[in-house]
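Please keep the sequence and the structure in view while going through them.

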Amino acid sequence: MGKQGRMRVASYALFLVVLLQCRFLAFAILDPLDFLALQSIRKSLTDLPGSNFFASWDFTADPCNFAGVYCEADKVIALNLGDPRAGSPGLTGRIDPAIGKLSALAELSIVPGRIYGSLPQSVSQLKDLRFLAISRNFISGDIPATLGQLRSLKTLDLSYNQLTGKISPSIGTLPELTNVILCHNHLSGSVPPFLSRTLTRLDLKHNALSGSLAPDSLPPSLQSLSVSWNQLTGPVDRLLSRLDQLNYLDLSLNQFTGPIPGRLFSFPITNLQLERNLFTGPVQPVDQVTISTVDLSHNGLSGQISPMFSTVQNLYLNNNRFTGQVPASFVDRLLSASIQILYLQHNFLTGIEINPTAEIPLSSSLCLQYNCMVPPVQTPCPLKAGKEKTRPTGQCNEWKG
């Protein structure tokens, strides 16, 4: 071999040495504890058929280049497991306790899939964790009370899983919480007080929660509150009167009692769902209601219907104990198609001033069945309203008395 050839071989050999050194340094730069933790996490999870999320997880390369792994210096700071594209198959397996070794982790999310088993207690070791979202999987067992140690946590989303047990009061003490989403689980017990002054969303719907909500149990910063489909009881008027930042409120399908505060209807709410509870008494908004949808149906509300409700687009007052005449302002707005749904069936109303020949716009629905009057106009009602047009006279006389 000539001199020039030997020089080429030597140069190539040097290149290989440098390449190997660089390759070694590339993955050796990650903290060894984080490296081992990622290996354990990988062993406990697999791609569902059709997913290739873990294809890039080759531990002879730099883990900071793996799909869903984000690093800062030599530490993993974010772990987003699974392909986030809608409709992707997701992952299956368990969450390995080694996840608690990622000491700088600030964000942990797992896309919808078939992750099962419990949420490891070791997650509570992640002191910098701000975002924890593992929804639409099959996580079971209790929510670890030790999550109350995550003092930096802002978002907690464990919705659509199989979680049981109580919501620990320690979680309610987290000072930085902004979003708590625990809906569609099997949680029981009472709703703990939430002390965070930055909490904007609390979603606990579709669980088996019981007990009452204390007047000071939720912060005035709340903008969205949903506790529907539970077994909650007691009055909420003093609590609701404090939550003047609400833009969404759903308390439906519980057993709440007492009055509905009139000032609630002046809050910046776009959708108000209070149906199927045990609310009683008159309902008196302090001003014209600008909420587009108001559902107060299936309660024990009484008194006359306030004309302040005539500005609501979709109004459900059916299955209550309202009496008297329907305000004339309702008729005007109904005929102008400003009201789309006006359900007044199953009350004790005695009249509505509307011309029998009046044409209800096709875009509007009016139901007057089963009141203390003969409906002056025949309009289609929901099937569950029944076939009887009016209440028996005896019931109407008894209610007047």
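This is a predicted model: local features need pLDDT of at least 70, side-chain atom pairs count only at pLDDT 80 or more; totals for chains, interfaces and linings use all residues.

1. A residue is called buried when its relative accessible area is under 20%, exposed when that area is over 50%, and partly exposed in between. C396 has a relative accessible area of 7%, so C396 is buried.

2. The disulfides deserve attention at the outset. How many disulfides does the structure hold? There are 3. If the bonded cysteines of the protein chain are numbered in sequence order, they pair as 1-2, 3-5 and 4-6.

3. One of the disulfides joins C64 to C71, with an S to S distance of 2.1 Å. The torsion about its S-S bond is -95°, and the link of C64 and C71 is left-handed.

4. Another disulfide is formed by C367 and C381, whose sulfur atoms are 2.0 Å apart. Which hand does the disulfide of C367 and C381 have? The torsion about the S-S bond is about 110°, and the disulfide is therefore right-handed. This pair links distant parts of the chain: C367 is in strand β27 (residues 365–367), whereas C381 is in the loop between β27 and α6 (393–400), and the two cysteines are 14 residues apart. C367 is buried, its relative accessible area being 0%.

5. A disulfide also joins C372 to C396, with an S to S distance of 2.0 Å. Its torsion of -100° about the S-S bond goes with a left-handed link. Here too distant parts of the chain are linked, since C372 lies in the loop between β27 and α6 while C396 lies in helix α6, and 24 residues separate them. C372 has a relative accessibility of 17%; this is under the 20% limit, so C372 counts as buried.

6. Is C183 buried or exposed? With a relative accessible area of 2%, C183 is buried.

7. At 1.5 Å a residue, the 13 residues of α2 should span 18 Å, and the C-alpha atoms at its ends are 19 Å apart, which agrees. D31 caps the N-terminal end of α2, where a side-chain oxygen of D31 lies 2.8 Å from the backbone nitrogen of L33. Which residues of α2 are buried? They are D34, F35, A37, L38, I41 and S44.

8. An annotation from a record covers part of this region. UniProt, in an unreviewed entry, places the feature "domain: Leucine-rich repeat-containing N-terminal plant-type" at residues 34–71. In the model, the chain over residues 34–71 is 29% helix and 16% strand, and its end C-alpha atoms are 10 Å apart.

9. Strands β2 (residues 69–72) and β3 (residues 75–81) pair in the antiparallel sense, over 4 bridges. Within this pairing, Y70 stands opposite A78 in β3. The two strands form a hairpin with 2 residues between them, and A73 in the turn has a positive phi of about 55°.

10. Positive phi values occur at other places too. R136, which is not a glycine, has a phi near 55°. R136 lies in the loop between β7 (131–134) and β8 (138–141), and with a relative accessible area of 45% R136 is partly exposed. N319 is likewise not a glycine and has a positive phi of about 60°. N319 lies in the loop between β23 (314–316) and β24 (321–326), and its relative accessible area of 23% makes N319 partly exposed.

11. The last point concerns a strand residue and its surroundings. S226 lies in strand β15 (residues 224–226) and is buried, with a relative accessible area of 4%. Which residues is S226 in contact with, leaving aside its neighbours within four places in sequence? The contacts are L202, D203, L204, K205, Y248 and D250.

Conventions:
Residues are numbered from 1 along each chain as its sequence is written. Side-chain values use heavy atoms; hydrogens and water are left out. Two strands pair if DSSP finds at least two bridges between them. Buried means under 20% relative accessible area, exposed over 50%, partly exposed in between (1.4 Å probe, protein chains only). Contact means heavy atoms within 4.5 Å. The expected span of a helix is 1.5 Å times one less than its number of residues. A polar contact is a pair of N or O atoms within 3.5 Å; within protein, one must be able to donate a hydrogen and the other to accept it, and residues adjacent in sequence count only if both atoms are side-chain atoms. UniProt positions are given in the numbering used here, feature names are shortened, and annotations may be inferred rather than shown by experiment. A disulfide is a pair of cysteine sulfur atoms within 2.5 Å.
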